[in-house]
Amino acid sequence: MTPPAGDRDPAHTPVRVLLCDDHAVVRAGLLALLSSAPGIEVIGEAGDGEEAVALAAALRPDVVLMDLQLGSGIDGIEATRRIAGLPEREAEREAGREVECDDGRDAEREAGRAGGRDVEREAAGRGAAGRGAPHVLVLTTYDTDADINRAIEAGATGYLLKAERPEELFSAIRAAAAGRSTLSAPVAHRVLAQMRSPRPGLTDRELDILGQLARGLSNREIARALFISEATVKTHLGRIYDKLGVDTRAGAVSVAKEQRLLP
């Protein structure tokens with residue numbers, strides 16, 4: 001069993017990992033794979049975003065290995081954002097407990113010292129460990145610009161594709177535990193390409209089509225609403241996808257909402 005966070009020697013402590021993937025077979029495969037890696041220990045599994053957030057708060061892993069598409073409920077982006085926000089919420093709870101438990105700590109401290117150990121020092125160690133935010137390492141099959149940007153903005157420490165070799169995954173987990181960022185080579189290439197050539201903004205006509213898209217209209221319905229041909233709609237949609245870094249209608253609407261391109 002893994003010792004409490006405050007009692008472990010960091011130099012000899014395995015990286016504690018929480019898995020989040022909505023496919024049980026994938027989780028089983030990752031569990032088997034990570035079990036073979038020295039210095040890495042899986043301490044929990046989550047099948048959806050809400051469960052991942054709850055387990056991250058309760059178990060305080062070093063790294064959460066997060067998929068992006070999680071079926072129903074919140075997706076991996078929102079789960080990442082909530083996990084990254086755990087330190088603030090934990091600090092608030094700690095402040096409340098500190099006010100309530102001062103008298104109890106005095107008694108516990110005296111009892112502990114009588115037994116030859118400093119309870120206050122141990123409690124402080126556990127508190128410091130509890131305030132640390134788990135690092136989120138995205139592990140997904142999706143490498144669109146929109147997914148990458150959203151994950152990084154949500155607080156992900158790294159972004160890996162599931163096609164990576166096991167050794168790369170192990171290395172990325174250890175790097176994430178130390179707070180270092182890791183990107184798969186294709187992801188790093190896309191990030192650099194974005195920085196070198198920022199995408200142009202949407203035209204007024206593209207914004208019009210995007211607004212109709214958000215209403216759930218088909219290409220034919222959009223063409224009728226805007227008095228243009230379906231072929232023109234398809235051409236504009238292709239340009240919208242390129243500019244937003246997506247490849248689906250739902251992805252375009254999602255990114256447009258995040259970037260406040262829709263009313």
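What share of the contacts in the chain with a separation of 6 or more comes from residues 24 or more positions apart? These residues account for 63% of such contacts. The model is predicted. Its chain has 263 residues, with 12 helices and 5 strands.

**Burial and surface**
- Of the 263 residues, 39% count as buried.
- The chain has an accessible surface of about 14200 Å². Carbon and sulfur atoms hold 52% of that surface.

- Strand 1 (residues 15-20) pairs with strand 2 over 6 bridges, in the parallel sense.
- Within this region, Cys-20 stands opposite Ala-46 in strand 2.

**Strands 4 and 5, with helix 6**
- Strand 4 (residues 135-140) and strand 5 pair in the parallel sense, over 4 bridges.
- Val-138 stands opposite Tyr-159 in strand 5.
- Helix 6 (residues 145-154) lies on the path of the chain from strand 4 to strand 5. This β-α-β crossover is right-handed.
- Strand 5 covers residues 158-161. Gly-158 and Leu-160 point one way from the strand, and Tyr-159 and Leu-161 point the other way.
- Gly-158, Tyr-159, Leu-160 and Leu-161 are all buried.

**Helices 9 and 11**
- Helix 9 (residues 204-214) packs against helix 11 (residues 230-244). The angle is about 95 degrees, and the axes are 10 Å apart.
- Angles of 65 to 115 degrees count as roughly perpendicular, so helix 9 is roughly perpendicular to helix 11.
- From helix 9, the contact is made by Arg-205, Glu-206, Ile-209, Leu-210 and Leu-213.
- From helix 11, the contact is made by Val-233, His-236, Leu-237, Arg-239, Ile-240, Lys-243 and Leu-244.

Key:
Residues are numbered from 1 along each chain as its sequence is written. This is a predicted model: local features need pLDDT of at least 70, side-chain atom pairs count only at pLDDT 80 or more; totals for chains, interfaces and linings use all residues. Side-chain values use heavy atoms; hydrogens and water are left out. Helices (H or I, at least four residues) and strands (E, at least two) are DSSP runs, numbered from the N terminus. Buried means under 20% relative accessible area, exposed over 50%, partly exposed in between (1.4 Å probe, protein chains only). Contact means heavy atoms within 4.5 Å. Accessible areas come from the Shrake-Rupley method with a 1.4 Å probe; for residues, only the protein chains shown count as cover. Two strands pair if DSSP finds at least two bridges between them. A crossover is right-handed if, with the strands pointing away from the viewer, the path from the first strand over the helix to the second runs clockwise. Axes are lines fitted to C-alpha atoms, for helices over the stretch in contact, and angles run from 0 to 180 degrees between N-to-C directions. Angles under 35 degrees count as roughly parallel, over 145 as roughly antiparallel, 65 to 115 as roughly perpendicular and the rest as oblique.
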